[in-house]
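Dear colleague,

My findings follow directly after it.

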Amino acid sequence: MSATTQTPTTPQSRTTSRSARLLGDRRLPVLVTAGLFLVMYIAGLSRYQNYGFGEPQVFLNLFIDNGYLLVAAVGATFVIMSGGIDLSVGSVIGFTTMLTAWLVQDVGLPLLVVVPISLSVGAFGGFLMGYVIHNFEIQPFIVTLAGLFLFRGLCLVISKESIAISDSAVSSLAETRIPLGVGELSIGAVVALVVLGVAFYVLHYTRFGRRVYAIGGNEQSALLMGLPLGGTKIAVYTMSGFCSALAGLLFMLYIQSGDPLHAVGMELDAIAAVVIGGTLLTGGSGYVLGTLFGVLVLGLIKSIIQFEGTLSSWWTKIATGVLLCAFILVQRAMTARKST
């Protein structure tokens with residue numbers, strides 16, 4: 001009768017096993033981003049405590065100043081989660097500001113009529129891009145790049161100059177603040193948080209959200225499972241177009257003008273926020289709350305640079321680039337671990 005031999009467990013093997021489990025945890029990037037935000041905020045408190053950094057309103061201003069980016073990043077989260085990319089986000093935002101400003105200021109339409117028009121145009125643009133991507137099997141990079149040029153060109157068709165908005169309804173909405181006891185939030189910030197809550201529910205608690213995860217994880221497997229691949233893809237890009245148009249409306253309230261150069265490159269900020277928030281660029285893994293932390297990290301970088309006073313605004317781009325590279329390396333380590 002032979003005895004069963006067991007390989008002794010060494011401290012080194014236990015450490016390796018724990019590291020492997022940690023790298024394989026899908027929540028790791030989100031936890032890292034949340035931890036990074038907390039460390040940055042504590043550092044700001046310690047360095048700028050005499051300049052009012054610890055005031056609750058400074059924290060709330062992160063939502064006020066970045067509400068439009070949060071909405072755009074939420075739309076980009078769905079696209080990236082499905083394994084795609086949307087480069088038209090910034091141009092749709094810029095076009096929405098121009099279309100809204102032109103219809104309100106020059107045509108004289110009331111804001112209540114203009115808002116659904118702008119949202120419908122953005123959603124329809126996203127629908128067209130999703131339709132072309134699926135039915136003609138063209139890479140999302142190419143199709144959305146074409147959308148980028150199309151919507152930016154349409155901005156210039158409306159006007160080559162900036163259009164200032166003096167409408168009383170726009171001014172009233174832009175100046176409205178909702179008191180919270182410790183501070184106040186703008187209408188744009190509240191809308192952004194509502195969009196985040198809806199996106200969280202849709203992505204994590206609905207059948208559509210599970211389809212997005214499945215398609216991003218393995219498109220062929222999702223197809224063999226009988227999932228509606230085409231409908232889901234088109235819906236994802238339609239949602240991104242809608243979110244981009246809504247972000248354009250919030251940006252219009254924040255700036256109170258339309259300009260053909262508004263939001264140039266903002267699609268890159270949205271993608272950076274999504275990636276820093278822990279969503280894999282290859283799709284299939286991520287959390288919409290991670291996108292929130294990604295936006296807050298980018299906003300906190302801007303705030304710290306403003307409080308510092310001696311740094312150029314270009315340091316925001318440098319810091320964003322460094323963080324983006326770091327999180328891509330984390331993603332690479334995670335995907336490499338899963339493939340072994």
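Lysine 317 is partly exposed, with a relative accessible area of 46%; here buried means under 20% relative accessible area, exposed over 50%, and partly exposed in between, with a 1.4 Å probe and protein chains only. The side chain of lysine 317 meets that of aspartate 269 in a salt bridge, at 3.5 Å from N to O. Aspartate 269 lies in helix H12 (residues 266-276) and lysine 317 in helix H14 (residues 314-339), so this pair ties together parts that are 48 residues apart in sequence. Aspartate 269, at 22% relative accessibility, counts as partly exposed. The term salt bridge denotes a side-chain nitrogen of Lys or Arg within 4 Å of a carboxyl oxygen of Asp or Glu. Helices are DSSP runs (H or I, at least four residues), as strands are (E, at least two), and both are numbered from the N terminus.

Please note that this is a predicted model, in which local features need pLDDT of at least 70 and side-chain atom pairs count only at pLDDT 80 or more, while totals for chains, interfaces and linings use all residues. Residues are numbered from 1 along each chain as its sequence is written, and side-chain values use heavy atoms, with hydrogens and water left out.

The structure holds three salt bridges. Another of them joins arginine 47 to glutamate 308, with the closest N and O atoms 2.9 Å apart. This pair links distant parts of the chain, since arginine 47 is in helix H2 (residues 28-47) and glutamate 308 in helix H13 (residues 288-308), 261 residues apart. Arginine 47 is exposed, at 53% relative accessible area, whereas glutamate 308 is partly exposed, at 23%.

Lysine 233 and glutamate 219 also form a salt bridge, at 3.2 Å from N to O. Lysine 233 belongs to helix H11 (residues 229-255) and glutamate 219 to helix H10 (residues 219-224), so the pair ties together parts 14 residues apart in sequence. Lysine 233 counts as buried, at 16% relative accessibility, while glutamate 219 is partly exposed, at 31%.

Helix H9 (residues 207-217) has Phe208, Gly209, Val212, Tyr213, Ile215 and Gly216 buried. Seen down the axis of H9, these buried residues fall within an arc of 165°, so they line one face of the helix; the arc is that of the directions from the helix axis to the C-beta atoms. They pack against helix H3 (56-81), helix H8 (187-205), H10 and H11, where contact means heavy atoms within 4.5 Å. The face of H9 turned away from the buried side carries the exposed residues Arg207, Arg210 and Gly217.

In helix H4 (residues 89-107), 15 of the 19 residues are buried, so H4 is largely enclosed by the rest of the structure. Its 19 residues should span 27 Å at 1.5 Å a residue, and its end C-alpha atoms are 26 Å apart, which agrees; the expected span is 1.5 Å times one less than the number of residues. Glycine 108, whose phi is positive, near 90°, follows H4.

Finally, Phe124, Phe127, Leu128, Tyr131, Phe136, Ile138, Phe141 and Ile142 form a nonpolar patch on the surface, with about 780 Å² of accessible area together. Helix H5 (111-135) and helix H6 (140-158) are the elements that give two or more residues to the patch, and H5 provides the largest share, four residues. Patches are made of residues with over 30% relative accessible area and no salt bridge, like charges being joined within 9 Å and nonpolar side chains (Val, Leu, Ile, Met, Phe, Trp, Tyr) within 5 Å. Accessible areas come from the Shrake-Rupley method with a 1.4 Å probe, and for residues only the protein chains shown count as cover. Tyrosine 131, in helix H5, is partly exposed, at 38% relative accessible area.

Yours sincerely
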